[in-house]
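The sequence and model are shown first.

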Amino acid sequence: WGLCLLTAALVLGRTTATSCPAPCVCDNLRAHVLCLNGNLTAIPGTIQELTKKLNFRGNSITVIPVGAFLATPYLTHLDLRHCKVERLEEGAFRGLGRLLYLNLASNGIALLYQESLDGLSSLRQLILEGNRIEEIQPGAFGHLGSLTILDLRANALVYLPDMVFQGLQALKWLRLSHNALHVLGSEAFTALPALRRLSLDHNELQALPGEALARLEAATRLDLGHNPITYIAEEALAMTSLKHLFLDHAALQDVAPEAFAGSPQLRTLDLRENQLRGLPPLAGAGGLARVSLAGNPLLCSCLLRPFHSWLARARVQAEGSCAAPPALRGRPLDSLRPPEMRCGHPLPPPSPPTPSEQPRVADSGRCPRGCTCSSDFHHGSCANGDLREIPRGFPGDTHLLDLRRNIFRTVPQTAFPGLRRLVSLHLQSCGIQELRPGALRGLQSLLYLYLADNHLSTLSAATFEGAPQLAYLDLDHNAFTHLPTGAFQLLPNLISLHLQHNAIGELEGGALAGAGKLRWLYLAGNTIGHIAPTALAPATMLEKLHLEDNCLPVVPTVALWGLPALSELKLSRNPIKRVGYGAFQPVAPSLQHLYLDNMGLEWISPGAFTGLGPKIRSLHLESNKMSNIPDMRNFTGLEILNLRDVPFHCDCQLLPLHRWISKLNLHVGATCESPPEAQGLKVKLSTTFQTCPGWGRGKNGGGSSYKTKAASKPSKKKRSGKSPARGFKKSRA
């Protein structure tokens, strides 16, 4: 029997070896296929049917089409990280009923539709970290009944609608950190009976979302740190199973005495690095064992005595030290005696009022003719209705209105009356040529406005009158020839602006006036050839700047000054031939992801990366023609380095680069183009370096750049045999 199994495995290996698509590596015995950094633009159709693990990390598959994996129904693990995926078509994963693990991290996905994840009935882990998901439509996770971990960190979410996670009855950990959430529907977390841990840290929540959190009856850990929450009101948190609460690095100024009375099992409370001058005795928190107050400006006067006495009575361990009065500064709380905590100091300021909730508007049950309205999800839809005018009469509690693919031409003044609670408005592909002033009047809760695939060429500030909360504006695929200067003056909360695939030729000074909170700016696919020095200056909070597929002849270094938070810069496919000294120095302290691929680069200054270092996580230099690679040995935090399709000349002058990338636990794609005996070999694995002087030594030597084939020219000077003071020696053909 064992011999039969071995024979079958060998036969399988022989019969499928020819079906392994380039540039993949297929292990047929273990049913694993690796297609890493292969520049694939589509899912290959020749992958063996019995494959269980499939890794496409680092390719260029922008769209996952319907039924993309029907030929591999036995998959259990699928990795699509760093594949530049922008869209998941509805039904993209149908047929993958055995899949347990799906990783879509670090792509460009912006929207999850109701059927985007259909067919994944066995999926346990779904990782969507590091995309640009702005909105999730309720029902998107409805077919994921086995999912236990959902990772949505580092996206662009501002709002969670009611029932958005419906269907995730097995989910144990929901990760929503590092978004921009500031509005949560009261039923956002309904139907999550198994959830144990919720991560909401690093968002924009200004008040504890108590009503939404009360739905989580089984959750034991809640992370709310790094949110601008200033006050916790009476009984604000009623989570019956909660044991660990993290509210560190927020903006807390006061906590009500019975704030946690509805969470009787609370054991640890982390309030580090807030603005608390003291706390009252925490009534109802009988199970509390530890409170951390380190980093707060605690006033250890008589006002703190009740809390100090309560700590002793309740046997609660407290961390923290006094900031005042001067005589007690630096003293740990647990070292104080009541007589030392004297009176005579002014009272702390009164607690801020509890943030008021929006009044509820009853669902009237109305719906315009030819449209559908869902009272459960608060949705209205007239998509593909061939409508010539924007319909009226939607229920007053409508949150999402889908009017895509109609023929409106013009959006008139006050086009959406009675929709004060509308959060998301979809007007894509409607042939719109004009938004009249006041078109959005009355939409005081609007956060998302989608106007892609229309014919807009200009906008005025008056267009956005009455929609001051607007955070996401999508104007991709319109007819703008310049940024609509002044249009954003009435949008103080704008976070994300999409103007991709227009005809913008220049970014003028002051174009972003009023957009002081802008964090993500997408300008790919225009004809931008010049950026004025002050064009980006108002956007001091900008984190992502996408300028790929434009006409920039140089890196816009001067325009990058004043962007202290910029972490991602994309310049791919611009005609930049030379990168000068200190090109990225203005954003060096914050930059993490840099894209310089497919530009035909011919030369990079040895000091081009001055200031960059351990913070850099990904660097894309593939498909260029440069004559040198700057020294990157201080890029110790690299997770991705792409050097594919760079013409390396693998002689002894390239030995330092060979040594460096050999020590990296990364797939960099660097390949020798010459000499002939090394052509096609990986720089990391090439044996041509074994004949070089110093091959056995582990030191790299000093240097400012590594040289490639384009720099390989015969030298007429006699070589001294000594290394130059700076820089690795140029390679020679």
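## Cysteines and disulfides

C551 counts as partly exposed, at 38% relative accessibility; buried means under 20% relative accessible area, exposed over 50%, and partly exposed in between (1.4 Å probe, protein chains only). The model is predicted, so that local features need pLDDT of at least 70 and side-chain atom pairs count only at pLDDT 80 or more, whereas totals for chains, interfaces and linings use all residues. Residues are numbered from 1 along each chain as its sequence is written, and side-chain values use heavy atoms, with hydrogens and water left out.

The sulfur atoms of C650 and C672 are 1.9 Å apart; here the torsion is about -95 degrees, so the disulfide is left-handed. C650 lies in the loop between strand 45 (648-649) and helix 4 (655-663) and C672 in strand 46 (residues 672-674), so the link ties together parts 22 residues apart in sequence. Helices (H or I, at least four residues) and strands (E, at least two) are DSSP runs, numbered from the N terminus. Both C650 and C672 are buried. C83 is in no disulfide, the nearest cysteine sulfur, that of C35, being 9.6 Å away.

## Aromatic pairs

Rings of Phe, Tyr and Trp (its six-membered ring) pair if their centres lie within 6.5 Å; planes under 30 degrees apart count as stacked, over 60 as edge-to-face and the rest as tilted. By this rule there are nine aromatic pairs. The ring centres of F141 and F165 are 5.9 Å apart with planes at 15 degrees, so this pair is stacked. Both F141 and F165 are buried.

Y448 and Y472 are also stacked, at 5.3 Å centre to centre and 15 degrees between the planes. Y448 belongs to strand 31 (residues 448-450) and Y472 to strand 32 (residues 472-474), 24 residues apart. Together with Y450 and W520, these tyrosines form one aromatic cluster.

## Helix 3

Within helix 3 (residues 305-314), F307, H308, W310 and L311 are buried. Seen down the axis, the buried residues of helix 3 fall within an arc of 160 degrees (taken from the directions from the helix axis to the C-beta atoms), so they line one face. On the other side of helix 3, A312 and R313 are exposed.

Definitions and conventions. A disulfide is a pair of cysteine sulfur atoms within 2.5 Å.
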